[in-house]
Structure formats: structure tokens, C-alpha cells
Amino acid sequence: VFVPDTPYIAGTDHSLLKWKARDQLTVDLTVRGAGKGEGLGFFAVDDDGGDVDCSKHVHLSEQDAARLRADVADRPSRVTVAELGLDGSSGLWVYHAVRPDKEGGNHFDTFLSTLLLHAESPSEPELRYRLSSPTDDWAKREDGALLAAASPWREQFSKSQNRPFWWNSVTDEKSWARPA
């Protein structure tokens, strides 16, 4: 977690950056069907506590699948939750361990956000560069984003004119030209 030299804001603090290396981004999924000849099934949880089948998105190497089947066989009467991480270079999920401390998999949103983090999070070399680069205009971009968020002007699109226009959410004024 990267923390600025400013007071902490409870809730969502946009000045904090929590970052994990991609090989440490994991998700916990309930495992089913680990018997002989059965395919492995991987399940997250939905808002109502039901199962969401993630199996078509989770593929393990033969070695990891064999390790997981052996670990599940050691726990025949208990629900098995496995910690899995995605290997971005191969596209395969990597089996880390059984999670005996958990009774169910993560919520489906956690599964999706893990996939999203793999796709969008910066690599370690990129993060090091961004944190050390004196020419990075991060502060300027952040100031611009904050200014835009504070402005009452919102860009809209006119279907009849087939072009964008600007609308002031406070005064209800409209303009074809972008306000200063």
C-alpha cells in the first residue's frame, strides 16, 4: 500500500494506492467433481449465497489438477475451497493451496475483479518507473480530473445534431462550445 503524507480519509481514500504483484492476485473458489474421471468444477458465490459456475474460465495444468485432486481426496466429507492465481503468460490458473479456514468460495465480484486486475494493473517494472519518473505528469492529470469532477458542466450528445454539446447541471444552460 502506497500512502501519501496526508491525513487518512475513512472509506474510499483516492490518495492511497494498493498494489499487489500479479502472481499474488488470487481468488478462493469452491471445488467440486474431483473424483476419478470427473472434471473439476470451480464455483464462486452470488449475492444470495448461491453458486456461480466459473469452471469454463478456470483451466489448470495437468500437474496442478492432479495436486488439487489429491488434496480434495484427503478431505472427502468437507467442502474444499482452493486458492488459485492466474498465470498471465500461459493463461492457466495455478493451484496454490486448500483453504481449510474457509467454508465457501469468494463472491463472484471478487473473481471478476481479479481478472480485471490481471488485465489492467501495472507490472512491477512499470510501477517502479512511474514512482521514480520526475517527468511523469501524474499530479497534473490528477488535478485535471479533480477539476473536471468539480465542474457542473457535463458533456452530452445530441442525436438530432449528431454532435456533442455541454450541459450545466446547476443552471441548465447548454452550449455547443466546451466551457472554459
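This is a predicted model: local features need pLDDT of at least 70, side-chain atom pairs count only at pLDDT 80 or more; totals for chains, interfaces and linings use all residues.
Trainee: Thanks! Then why is Arg 67 called partly exposed?

Mentor: Its relative accessibility is 33%. That value lies between the cut-offs of 20% and 50%, so Arg 67 counts as partly exposed.

Trainee: And what makes Asp 64 buried?

Mentor: Asp 64 has a relative accessible area of 9%. Buried means under 20%, so Asp 64 qualifies.

Trainee: How do you know that Asp 64 and Arg 67 form a salt bridge?

Mentor: Their N and O atoms are 2.7 Å apart. The limit is 4 Å between a side-chain nitrogen of Arg or Lys and a carboxyl oxygen of Asp or Glu, so the pair counts. Asp 64 and Arg 67 both sit in helix H1 (residues 62–73), three residues apart, which is about one turn of the helix.

Trainee: Which residues does Asp 64 contact, leaving aside its neighbours within four places in sequence?

Mentor: Trp 93, Val 94 and Tyr 95. We'll meet Trp 93 again in a moment.

Trainee: What makes Asp 28 and Arg 99 a salt bridge?

Mentor: The closest N and O atoms of this pair are 2.9 Å apart, and the limit is 4 Å, so Asp 28 and Arg 99 pass too. Asp 28 belongs to strand E1 (residues 26–32), while Arg 99 is in the loop between strand E5 (93–98) and helix H2 (108–120), so the bridge ties together parts 71 residues apart in sequence. Asp 28 is buried at 6% relative accessibility, whereas Arg 99 is partly exposed at 22%.

Trainee: Why does the pair of Asp 172 and Lys 174 count as a salt bridge?

Mentor: Its closest N and O atoms are 3.9 Å apart. That is still within 4 Å, so Asp 172 and Lys 174 form a salt bridge. Lys 174 is called exposed because its 52% is over the 50% cut-off, and Asp 172, at 46%, is partly exposed. Elsewhere, salt bridges that share partners join Asp 28, Arg 99, Asp 101 and Lys 102 into one network. The count of salt bridges comes to six.

Trainee: Let's turn to the rings. How many aromatic pairs are there?

Mentor: A search of the whole structure finds three. One of them is Trp 93 with Phe 111.

Trainee: Why is the pair of Trp 93 and Phe 111 called stacked?

Mentor: The ring centres are 5.7 Å apart, with 20 degrees between the planes. Trp 93 lies in strand E5 and Phe 111 in helix H2, so the pair ties together parts 18 residues apart in sequence. Both residues are buried.

Trainee: And what makes the pair of Phe 165 and Trp 176 edge-to-face?

Mentor: Their centres are 5.9 Å apart and their planes stand at 75 degrees. Planes over 60 degrees apart count as edge-to-face, so that is the label. The pair links distant parts of the chain, with Phe 165 in strand E7 and Trp 176 in the segment after E8, 11 residues apart. Phe 165 is buried at 16%, while Trp 176 is partly exposed at 44%. Arg 163 also lies over the face of Trp 176, at 3.9 Å from the ring centre.

Trainee: Now the sheets. In what order do the five strands of the open sheet stand?

Mentor: The order is E3-E2-E1-E4-E5, with antiparallel pairing. The twist averages 45 degrees from one strand to the next.

Trainee: What makes strand E3 and strand E5 edge strands in this sheet?

Mentor: Strand E3 (51–53) and strand E5 each have a single partner strand, so one side of each is left without a neighbour in the sheet.

Trainee: How do you know that E1 and E4 pair?

Mentor: Six bridges join E1 to strand E4 (residues 80–86). At least two bridges are needed for pairing, so E1 and E4 pass the test.

Notes. Residues are numbered from 1 along each chain as its sequence is written. Side-chain values use heavy atoms; hydrogens and water are left out. Helices (H or I, at least four residues) and strands (E, at least two) are DSSP runs, numbered from the N terminus. Buried means under 20% relative accessible area, exposed over 50%, partly exposed in between (1.4 Å probe, protein chains only). Contact means heavy atoms within 4.5 Å. Rings of Phe, Tyr and Trp (its six-membered ring) pair if their centres lie within 6.5 Å; planes under 30 degrees apart count as stacked, over 60 as edge-to-face and the rest as tilted. A charge sits over a ring if NZ of Lys or CZ of Arg is within 6 Å of the ring centre and within 35 degrees of the ring normal. Axes are lines fitted to C-alpha atoms, for helices over the stretch in contact, and angles run from 0 to 180 degrees between N-to-C directions.
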